[in-house]
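Trainee: Please take a close look at the salt bridges in this model and walk me through them.

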Amino acid sequence: TVITRRDVVQARVVADSGQFSVAIMLSAQGAARMSAATKSHSGRPLAMIVNGQVVAAPTVRGQINDQVVITGDFTREEADRITAGLQQ
């Protein structure tokens, strides 16, 4: 585990032309761990687990620091569920 819910400062749904993503802002400590973990992880998937279930496994496109947007083919309901799970 690289980060937990405690490291999430904010999570919100982002809507763009009918497609939904999840924007996440991390604490300084969470950002430091995420940065170290993703520094050499580019091009590989990184699983997001919420409430014990993998909700997304996006491909890391570059080193992640304190903010990231998880894009995918999410429905509004899926994006809402992920966001709610990150903020519990």
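Mentor: Buried means under 20% relative accessible area and exposed means over 50%, with partly exposed in between (1.4 Å probe, protein chains only). A salt bridge is a side-chain nitrogen of Lys or Arg within 4 Å of a carboxyl oxygen of Asp or Glu. The model is predicted, so local features need pLDDT of at least 70 and side-chain atom pairs count only at pLDDT 80 or more, while totals for chains, interfaces and linings use all residues. Residues are numbered from 1 along each chain as its sequence is written, and side-chain values use heavy atoms, with hydrogens and water left out.

The structure has two salt bridges. One joins the side chains of Asp7 and Arg33, at 2.4 Å from N to O. This pair links distant parts of the chain, 26 residues apart: Asp7 lies in the segment before β1 (8–16), and Arg33 in helix α1 (residues 28–38). Helices (H or I, at least four residues) and strands (E, at least two) are DSSP runs, numbered from the N terminus. Asp7 is buried, with a relative accessible area of 7%, whereas Arg33 is partly exposed, at 37%.

The other salt bridge is between Arg76 and Asp80, whose closest N and O atoms are 3.1 Å apart. Arg76 and Asp80 are separated by about one helical turn, because they are four residues apart in helix α2 (residues 76–87). Arg76 is partly exposed, with a relative accessible area of 37%, and Asp80 is partly exposed as well, at 33%.
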